[in-house]
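Here are a few exercises to work through with the model open in your viewer. Try each one before reading its solution.

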Amino acid sequence: MAPTCFMELPEFHCEVGSTESMSRVLQTHPDPSLGQAAIATDCFPALRRGRLTTLQVNLGYRCNQACRHCHVGAGPQRTEMMDPETLALIPRVLAARQIGQLDLTGGAPELHPGFRPLVQGARELGVRVIDRCNLTILLEPDQQDLAAFLAHQSVVVMASLPCYLEANVDRQRGAGAFAASIEGLRQLNRLGYGSIDSNGDSNLELNLVYNPQGPSLPPPQQALEEDFRRHLGERYGVVFNRLLTLANMPIERFAASLKLSGELDSYSALLRENHNPAHLDQVMCRQLISVDWRGRLFDCDFNQMLGQRSAGLVELADLLECDPEGAPIAVADHCFGCTAGDGSSCGGALA
Ligand code: SF4
Ligand code: SF4
């Protein structure tokens with residue numbers, strides 16, 4: 001049995017419902033060995049890790065786009081990239097911990113020169129690979145064979161499409177982004193992505209990811225999926241498997257813009273008031289661990305963006321020897337974004 005590899009976090013308390021606690025995002029633990037480990041507060045229930053089933057890896061911040069809302073500030077000029085040594089650890093960790101799913105993100109993860117060998121290595125281990133794809137990358141001159149590669153490796157494509165209306169997508173992602181996204185979806189459809197066989201199965205899974213434009217909870221996932229399916233099908237002949245709805249987290253640029261418009265407190269209150277404890281068992285940090293481009297571990301992508309470290313789990317290499325099951329999760333007030341309403345995770349609504 002693998003040794004445990006985490007430290008217990010001391011209990012801290014905040015005044016539930018106070019303006020101060022609502023606006024606080026994280027606190028830093030005084031023990032430097034925990035790095036920037038944030039603390040579990042009694043504002044959000046304490047959580048512990050379950051069995052690790054997904055390794056989510058951010059390969060770097062380089063991207064062919066530079067969206068205004070991007071929560072990692074990715075763009076063509078960014079140079080941060082995972083180094084070859086860290087990259088080489090990933091298949092070893094997948095095998096050592098018997099992790100069944102590798103979730104690749106960025107930036108545009110496909111721009112990392114190690115992306116394709118990594119995908120191949122993981123698929124040879126029988127691991128399900130998810131590519132968080134911005135769709136426009138499929139049209140880049142040096143990525144003309146990317147869609148075929150993804151199909152050949154049976155990679156699951158999770159494609160961000162914030163709306164089925166061209167004007168809304170272009171406003172958020174830049175002029176021409178919607179048309180390029182539709183062309184990317186058509187490329188994937190031509191290869192069989194998004195189609196369902198007579199048994200209702202899909203060999204090449206194509207899911208769309210939606211998040212609200214502003215400080216509101218996502219609409220019911222099923223109804224919105226039907227709207228997307230009808231609109232994209234009738235207008236553009238595009239098919240897909242599922243639409244996943246995500247709530248916006250009150251962190252980073254989104255929190256800054258809400259603060260400017262005076263809506264940060266009311267949005268935080270909305271999330272808190274709609275907290276559904278039934279979702280606590282399914283929040284993604286219970287089964288997923290997040291790795292940044294430097295190989296550092298976090299409980300989820302949001303904590304990664306906040307620099308809020310996992311408890312005692314420091315580097316990707318730690319997972320070669322240690323099983324994180326049972327480790328405390330570094331929760332904070334933004335976690336209500338995962339449990340509000342129908343719930344939210346990288347797999348969509350939790351309800
Ligand atoms: S496509 Fe995604 S990663 Fe790239 S800039 Fe836009 S939001 Fe950021
Ligand atoms: S933000 Fe969500 S996934 Fe991340 S630690 Fe909080 S509850 Fe878990």
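**Exercise 1.** Is the crossing of α2 and α3 left-handed or right-handed? Then work out how the two helices are oriented and what touches what.

Solution. Keep in mind that this is a predicted model.
- Handedness comes out as right-handed for the crossing of α2 and α3.
- On the α2 side, the contact uses L87, I90, P91 and L94, while α3 brings in L118, G121 and A122.
- Sorting those contact residues by class gives 6 nonpolar, 1 polar and no charged.
- Now the geometry: α2 covers residues 84-97 and α3 covers 115-124, and they pack at an angle of about 10° with axes 10 Å apart.
- Angles under 35 degrees count as roughly parallel, so α2 and α3 are roughly parallel to each other.

**Exercise 2.** Compare the shells around the two ligands by residue class.

Solution. 
- Start with ligand 1: its surroundings include C63, C67, C70 and N134. The tally for this shell is 6 nonpolar, 5 polar and no charged residues.
- Next, ligand 2: among its neighbours are C285, D299, H334 and C338. Here the count is 9 nonpolar, 2 polar and 1 charged.

How values were computed
Residues are numbered from 1 along each chain as its sequence is written. Chains are lettered from A and ligands numbered from 1 in the order in which they are written. This is a predicted model: local features need pLDDT of at least 70, side-chain atom pairs count only at pLDDT 80 or more; totals for chains, interfaces and linings use all residues. A residue is near a molecule or strand if its C-beta atom, placed from the backbone, lies within 6 Å of it. Ala, Val, Leu, Ile, Met, Phe, Trp, Tyr, Cys and Pro count as nonpolar, Asp, Glu, Lys and Arg as charged, and the others, Gly among them, as polar. Axes are lines fitted to C-alpha atoms, for helices over the stretch in contact, and angles run from 0 to 180 degrees between N-to-C directions. Helices (H or I, at least four residues) and strands (E, at least two) are DSSP runs, numbered from the N terminus. Angles under 35 degrees count as roughly parallel, over 145 as roughly antiparallel, 65 to 115 as roughly perpendicular and the rest as oblique. A crossing is left-handed if the near helix is turned anticlockwise from the far one by less than a right angle, and right-handed if clockwise. Two residues are in contact if their C-beta atoms, placed from the backbone, lie within 7 Å.
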